[in-house]
Amino acid sequence: MGNIYTLGQNGTNKTGQRPVFISGNGSDLSNDEVLRGRAKRKFITQNMMLNLMDVAKEKGDNEKQKAYWNTYYCQNRVTSVDGRLYGNYCKNRFCTLCCSIRKAEIINKYYPVIQTWEEPHFVTLTVKACKANQLKGYIKSMMTTFKQIADKYKKQHQRGTGIKLVGVKSLECNFNPIKKTYNPHFHIIVANKQMALTIIQEWLNRSKKGYTNRQAQDMRKVFNVEIGLIEIIKYGSKIFTEPDIKKKGDSASYQIYVSALDNILTAMKGIRIFERFGFNAEKKEQIIVKEPQRVINSEQWEYNSQLFDWQNTATDEVLTGYKPKPQLTAILSNCIDITSQ
């Protein structure tokens with residue numbers, strides 16, 4: 001990889017270069033591994049969006065098509081200035097580039113809090129699997145039920161008659177390609193075992209008969225807070241799913257069920273995927289975001305899907321040097337299913 005940090009080496013602008021505007025604080029260009037990770041996410045996202053757009057087009061969903069196109073072009077053009085990279089983000093929850101930023105923000109915000117809890121426990125709350133046309137209703141009911149549980153114990157604690165539930169939760173949904181069903185569920189980290197047991201019991205008590213069972217609800221102690229927190233910060237769905245969920249295998253056994261993924265994204269629209277309850281995160285010193293700046297000496301990069309990388313518009317140099325592994329390329333090229341839903 002050649003030297004891309006050229007700004008400031010002299011006081012003159014490059015011949016013929018037009019001024020551009022950059023905004024925000026940019027990201028560090030010195031970590032090659034981080035850069036290659038960004039390129040990998042861009043590669044996955046573009047491939048996923050092309051297939052999701054086909055699904056949205058077949059369903060006649062123009063609004064979703066526009067959203068997928070917006071994500072397809074996320075970070076397509078970036079600018080490097082003084083060893084930092086700048087670009088515009090789509091901020092869609094199905095964009096792996098934007099989700100990685102959100103993931104880092106959540107970890108930085110909540111990790112210090114959870115680390116102070118005496119015995120954090122990881123809880124999974126589930127309901128019985130449902131069909132695509134039931135999914136949105138199931139999710140809304142789950143969100144309402146959990147809010148009722150949290151509100152009940154908040155009021156009891158305020159009256160001095162019960163414990164206060166303290167934790168973070170996220171919503172996720174899996175697709176079973178054999179049964180063509182969906183499994184929405186919550187991943188939760190709470191401050192201690194008593195809270196975990198309380199939430200599970202309330203969940204079972206409030207569910208309609210036949211919609212939950214005790215064996216399907218999971219609880220275990222968190223031994224590594226960071227790993228536990230990462231586990232619950234998902235994109236809301238599993239992108240890669242084995243066709244036979246009981247058999248693990250190599251890349252040939254994986255499938256990407258795009259139409260099912262579109263159904264999950266539709267059902268989760270307008271729903272807050274990640275939430276805290278029972279506490280306020282300590283406010284850190286606010287990072288001052290720079291106002292848009294006009295710069296002349298900069299490097300412009302445009303994403304080239306044939307190279308799996310951003311290419312310098314003036315020199316054809318690539319930004320990251322990323323090359324996808326054959327297994328990933330095979331999955332994205334040969335393991336796409338747009339019919340199962």
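Modeller: We can go from the whole chain to the sheet and then to some single residues.

Modeller: This is a predicted model, so local features need pLDDT of at least 70 and side-chain atom pairs count only at pLDDT 80 or more, while totals for chains, interfaces and linings use all residues. Residues are numbered from 1 along each chain as its sequence is written, and side-chain values use heavy atoms, with hydrogens and water left out.

Colleague: How many helices and strands does the protein chain have?

Modeller: The protein chain has 8 helices and 14 strands. Both are DSSP runs numbered from the N terminus, helices being H or I with at least four residues and strands E with at least two.

Colleague: What share of the residues is buried?

Modeller: Of the 341 residues in the protein chain, 46% count as buried. Buried means under 20% relative accessible area, exposed means over 50%, and partly exposed is in between (1.4 Å probe, protein chains only).

Colleague: Which strands make up the open sheet?

Modeller: The open sheet has 5 strands in the order S2-S4-S3-S12-S13, with antiparallel pairing. Strands S2 (27-28) and S13 (309-312) stand at the edges with a single partner strand each, so one side of each has no neighbour in the sheet. Two strands pair if DSSP finds at least two bridges between them.

Colleague: Which helix packs on that sheet?

Modeller: Helix H1 (residues 32-59) packs on the sheet and touches S2, S4, S12 and S13. The direction of H1 makes about 45 degrees with that of S12. Axes are lines fitted to C-alpha atoms, for helices over the stretch in contact, and angles run from 0 to 180 degrees between N-to-C directions.

Colleague: Back to S3. How many bridges join S3 to S12?

Modeller: There are 4 bridges between S3 and strand S12 (residues 299-304), and the two run antiparallel. Strand S4 (residues 84-86), also antiparallel to S3, is joined to S3 by 3 bridges. Thr79 stands opposite Gln300 in S12 and opposite Tyr86 in S4.

Colleague: How many residues of S3 are buried?

Modeller: In strand S3 (residues 77-81), 4 of the 5 residues are buried.

Colleague: What about the hairpin of S3 and S4: which residue takes a positive phi there?

Modeller: Asp82 does, with a phi near 50 degrees, and the hairpin has 2 residues between the strands. Gln75 also has a positive phi, near 60 degrees, and is not a glycine. Gln75 is in the loop between helix H2 (62-72) and S3.

Colleague: Is Gln75 buried or exposed?

Modeller: Gln75 is buried, because its relative accessible area is 2%. Asp316 has a positive phi too, about 70 degrees, but Asp316 counts as exposed at 52% relative accessibility. Asp316 is in the loop between S13 and helix H8 (326-334).

Colleague: New topic. Where is Thr126?

Modeller: Thr126 is in strand S5 (residues 121-126). At 10% relative accessibility, Thr126 counts as buried.

Colleague: Which residues is Thr126 in contact with?

Modeller: Leaving aside neighbours within four places in sequence, Thr126 is in contact with several residues, including Asn183, Trp203 and Ala216. Contact means heavy atoms within 4.5 Å. The side chain of Thr126 reaches the backbone oxygen of Ala216 at 3.4 Å.

Colleague: Last one: how many residues of helix H7 are buried?

Modeller: In helix H7 (residues 258-267), 9 of the 10 residues are buried. Among them are Val258, Leu261 and Ile264.

How values were computed
A polar contact is a pair of N or O atoms within 3.5 Å; within protein, one must be able to donate a hydrogen and the other to accept it, and residues adjacent in sequence count only if both atoms are side-chain atoms.
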